[in-house]
Amino acid sequence: MTSTIPHKTGKFPTQAIGAKIFHWINIISLFIMLTSGLQIYNANPVFGGRAGLHIPPIFTLGGWLAGGRHWHFAAMWLFSLNLLWYGIYILISRRWRHRFVGVNDVKALQKSRNPKRLIYAWHRIVYTAIIPILLLAIFTGIGMYKPAQFPWIVDMFGSWQALRIVHFSSVPMVISFVAVHFLLGRKAGGEELTESMFW
């Protein structure tokens with residue numbers, strides 16, 4: 001008589017509906033902010049003044065400066081509120097314990113020879129590092145949006161132009177995070193894991 005041992009398929013659990021909603025809203029709002037931000041940029045390029053590099057209209061949203069600003073600020077509120085409710089969600093559900101970097105991840109980078117464990121450690125480091133970048137983008141955006149109400153934000157960066165450069169620099173940082181976050185997710189769990197975040 002032989003016993004049958006169940007075979008583990010290694011299938012990843014279905015992601016929580018809150019995580020799926022969070023990722024979809026992030027993608028939509030980031031896309032709107034990026035394209036509308038490029039429309040705003042065209043009105044007065046960060047580098048080179050009004051004669052600087054202009055972005056082709058096909059990559060912009062809003063049609064003109066005011067239109068770009070309307071789309072940009074609407075998406076900013078959507079993005080910010082989405083971050084706020086997700087922050088509350090991961091605190092209540094205690095998902096933060098599995099999402100952000102910890103002492104064990106730092107130790108793993110120093111001692112572990114397990115490739116999968118190293119990927120998880122790097123993934124948590126990248127996931128944690130995006131938080132100050134997003135806060136910086138929102139903070140500098142508020143300073144540009146309401147300089148009369150928040151002149152101290154402009155003063156912190158030395159000048160209005162310096163504030164614009166920092167805000168503009170947050171864009172490639174966020175895009176880099178999205179790419180690295182996606183690639184590490186694919187390495188950690190393949191297509192099944194990354195697709196489970198949306199479907």
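**Starting from one asparagine**

Reply: Let's begin with Asn42, which sits in helix H1. Helices here are DSSP runs of type H or I with at least four residues, strands are E runs with at least two, and both are numbered from the N terminus. Before going on, bear in mind that this is a predicted model, where local features need pLDDT of at least 70, side-chain atom pairs count only at pLDDT 80 or more, and totals for chains, interfaces and linings use all residues. Residues are numbered from 1 along each chain as its sequence is written, and side-chain values use heavy atoms, with hydrogens and water left out.

Back to our asparagine. Asn42 counts as buried because its relative accessibility is 14%; buried means under 20% relative accessible area, exposed means over 50%, and partly exposed is in between (1.4 Å probe, protein chains only). Leaving out residues up to four places away in sequence, Asn42 touches His54, Ile55 and Thr60, where a contact means heavy atoms within 4.5 Å. Asn42 and Gly68 are 26 residues apart along the chain, and their C-alpha atoms are separated by 9.9 Å.

Now for the helix around it. In soluble globular proteins, nonpolar side chains tend to be buried together. Beyond four places in sequence, Leu134 touches Phe79, Leu83 and Val174.

Thr140 lies in helix H5, and Thr140 counts as buried because its relative accessibility is 0%. Neighbours within four places aside, Thr140 is in contact with Phe157, Leu163, Val166 and His167. Ile138 is in helix H5 as well, but Ile138 counts as partly exposed, because its relative accessibility is 21%. Ile138 is in contact with Ser80 and Leu83, again leaving aside neighbours within four places in sequence. Ile138 and Phe79 are 59 residues apart in sequence, with 9.6 Å from C-alpha to C-alpha.

Zooming out, the protein has seven helices and zero strands. Of the contacts with a separation of 6 or more, 63% join residues 24 or more positions apart. Buried residues make up 33% of the 199 residues.

How far can you trust the picture? The mean pLDDT is 84, with 88% of residues reaching 70 or more; pLDDT is the predictor's confidence in each residue, from 0 to 100. Confidence is lowest in helix H3 (residues 96-99), at a mean of 71, and highest in helix H6 (residues 151-156), at 94. Take care with residues 1-9: pLDDT stays under 50 there, and the model gives them zero contacts beyond four places in sequence.
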